[in-house]
Amino acid sequence: MKKILALLMSITLVVGLSACGQKAEDDPVTPGGTETPSETPGETEERTLKIAGLDGGYGKEHWMAVAEKFEANNPGVTVELTLEKNIEDVLRPQIQAMNVPDLMYISVGREGMMTETLIKENAVMDITDVLSMKVPGEEVTVGEKIIPGFTDTLITNPYGDGKTYLAPLFYGPTGLFYNSGLVGEGKTYALPETFEELFALNETAKANGSSLFTYPTTGYFDAFFYALVNEVGGADFFNKAMTFDVETWSSDTMKEVFAIVGELVSYNHPDTVAQANNEGFTKNQQLILDNKALFIPNGTWLPGEMEKAPRAEGFEWGFTALPAVEKGGDRYSYTFFEQMYIPEGAKEADLAKEFIAYMYSDEAAKIIYEKSGAVMPVTTASSFMTDEDPNKLYYSVYDDGAKAAMGGFQSAPAVEGVDLVSSTGILFGTINSVATGDKTVDTWHQEVVDAVTKISAAMNN
């Protein structure tokens with residue numbers, strides 16, 4: 001408790017916020033109304049689970065409904081929800097008042113960096129044992145229910161000790177989009193299972209007046225590149241790369257990743273690079289709708305983004321994970337996801353673990369999807385969606401054996417003159433020059449290795 005209190009006070013100083021004038025505890029949101037129910041004496045033990053989290057794009061309704069069902073399934077338990085858009089500001093004075101939540105829903109990557117700070121200070125509890133717990137009401141464990149890959153990341157396992165500290169939540173897959181009226185079984189082009197089969201489609205595409213590939217901007221290669229690193233080298237290799245390990249980036253295995261990307265962009269539609277910017281990216285996306293290019297990397301937002309755009313007759317969105325590097329090899333789809341965790345000092349840590357396990361049940365996952373559209377990373381996710389539901393196309397990508405790639409580079413100090421991972425940085429921005437032939441794949445790879453070497457040196461100083 002002293003550790004988490006001290007670090008939260010330090011965060012307050014860093015971000016320039018003051019706890020003065022704020023209530024020690026905001027009124028909690030409870031499933032049954034606006035007041036916290038009082039405990040009633042009885043034979044059943046009365047326990048209160050305090051959950052604090054972000055009131056984000058998915059809203060609060062699904063949290064309310066899941067909490068209410070959890071209470072019904074666990075007599076004597078009351079769930080207090082504190083969900084705010086400025087949740088970090090709300091939690092600081094609460095924690096200073098020694099009122100630590102039992103469970104926190106605040107993902108990494110937020111401006112306040114509360115979760116990153118808790119991780120850095122070792123103020124997040126180990127929840128590895130939750131993976132071996134039975135999902136309430138089901139005959140599978142939590143680890144078996146979670147889609148493979150979601151608990152093998154630097155986000156969920158931040159210390160590299162093989163233990164899980166953050167539980168993966170709502171996710172959105174990425175992959176390759178195409179026209180399923182043109183690509184697929186019995187169509188003009190067979191859906192490729194390997195990169196070799198993908199590249200082989202180029203000649204047919206050229207003969208039909210089309211191109212094999214396009215991309216919106218080079219920034220969209222982050223998800224593509226990370227999935228490909230997993231395919232070529234595996235999850236451990238990817239995690240080493242994300243820690244700026246110079247040997248990993250210099251390896252022949254990593255060179256293969258660069259070579260595949262280099263060959264793929266050599267099959268670009270000729271207008272791709274000229275349109276690969278913040279103003280022209282939709283023109284590249286339009287190439288798919290017009291059957292002028294066959295495949296484009298993107299995320300689940302693409303169909304909505306292009307909903308009103310014109311399209312070729314018979315056009316229907318298709319979506320797939322990356323092709324495998326070799327026949328029978330792993331296929332990956334990179335996904336973005338949110339997290340929840342138990343902070344140090346939680347009074348009801350065991351009850352919080354039970355709630356986490358419940359979140360992966362079909363009962364809870366279905367409630368969450370129906371109330372918010374958020375999708376839990378469970379193997380049964382697509383079963384909650386009707387065949388008419390457009391989301392089923394994207395979220396069934398893991399049903400056919402594709403694995404989930406996720407996570408990114410660990411935090412590192414800034415190095416003057418080195419921009420590695422922005423959309424115009426050395427790793428992704430250089431792809432434009434590779435596509436036009438202004439730079440070779442080898443040159444691109446060496447520039448990335450040089451940048452990683454500088455960052456690694458800064459981390460070790």
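A residue counts as buried when its relative accessible area is under 20%. Keep that cut-off at hand for the exercises below, which all use a predicted model.

**Exercise 1. Ser211 and its surroundings**

Task: Decide whether Ser211 is buried or exposed, and find which residues it touches beyond its neighbours within four places in sequence.

Solution: Start with the location: Ser211 belongs to strand β5, residues 211-213. Next, take its relative accessible area, which is 9%. That value is under the 20% cut-off, so Ser211 is buried. Finally, list the contacts, leaving aside neighbours within four places in sequence: Ala205, Tyr267, Asn268, His269, Pro270, Lys292, Ala293 and Leu294.

**Exercise 2. The partners of β6**

Task: Work out how β4 and β6 pair, how β5 and β6 pair, and how many residues of β6 are buried.

Solution: Begin with β4, which pairs with β6 in the antiparallel sense over 4 bridges. Here Gly175 faces Asn298 of β6. Now turn to β5: its pairing with β6 is parallel and runs over 2 bridges. Phe213 has Phe295 in β6 as its bridge partner. To finish, count burial along β6 (residues 293-299): 7 of the 7 residues are buried, so the rest of the structure largely encloses this strand.

**Exercise 3. Aromatic pairs**

Task: Classify the ring pair Phe150 and Phe337 and the ring pair Tyr226 and Tyr334.

Solution: The model has 37 aromatic pairs. For Phe150 and Phe337, the ring centres are 5.7 Å apart and the planes meet at 70°, so this pair is edge-to-face. Phe150 is in the loop between α5 and β4 while Phe337 is in strand β8 (residues 332-340), so the pair ties together parts 187 residues apart in sequence. Both Phe150 and Phe337 are buried.

For Tyr226 and Tyr334, the centres are 5.6 Å apart and the planes lie at 50°, so this pair is tilted. Tyr226 is buried at 7% relative accessible area, and Tyr334 is buried with a relative accessibility of 7%. Both tyrosines also belong to one aromatic cluster, whose members include Phe225, Phe238, Trp249 and Trp444.

**Exercise 4. The buried face of α18**

Task: Explain why the buried residues of α18 are said to line one face.

Solution: Take the helix first: α18 (residues 441-460) has 20 residues and spans 29 Å between its first and last C-alpha, close to the expected 28 Å. Then collect its buried residues: Trp444, His445, Val448, Val449, Ala451, Val452, Ile455 and Ser456. Viewed down the axis of α18, these residues fall within an arc of 170°, so they line one face. Lastly, ask what covers the buried residues of α18: among the covering elements are α7, α9, α10 and α17.

Note on methods:
Residues are numbered from 1 along each chain as its sequence is written. This is a predicted model: local features need pLDDT of at least 70, side-chain atom pairs count only at pLDDT 80 or more; totals for chains, interfaces and linings use all residues. Side-chain values use heavy atoms; hydrogens and water are left out. Rings of Phe, Tyr and Trp (its six-membered ring) pair if their centres lie within 6.5 Å; planes under 30 degrees apart count as stacked, over 60 as edge-to-face and the rest as tilted. Buried means under 20% relative accessible area, exposed over 50%, partly exposed in between (1.4 Å probe, protein chains only). The expected span of a helix is 1.5 Å times one less than its number of residues. The arc is that of the directions from the helix axis to the C-beta atoms. Contact means heavy atoms within 4.5 Å. Two strands pair if DSSP finds at least two bridges between them.
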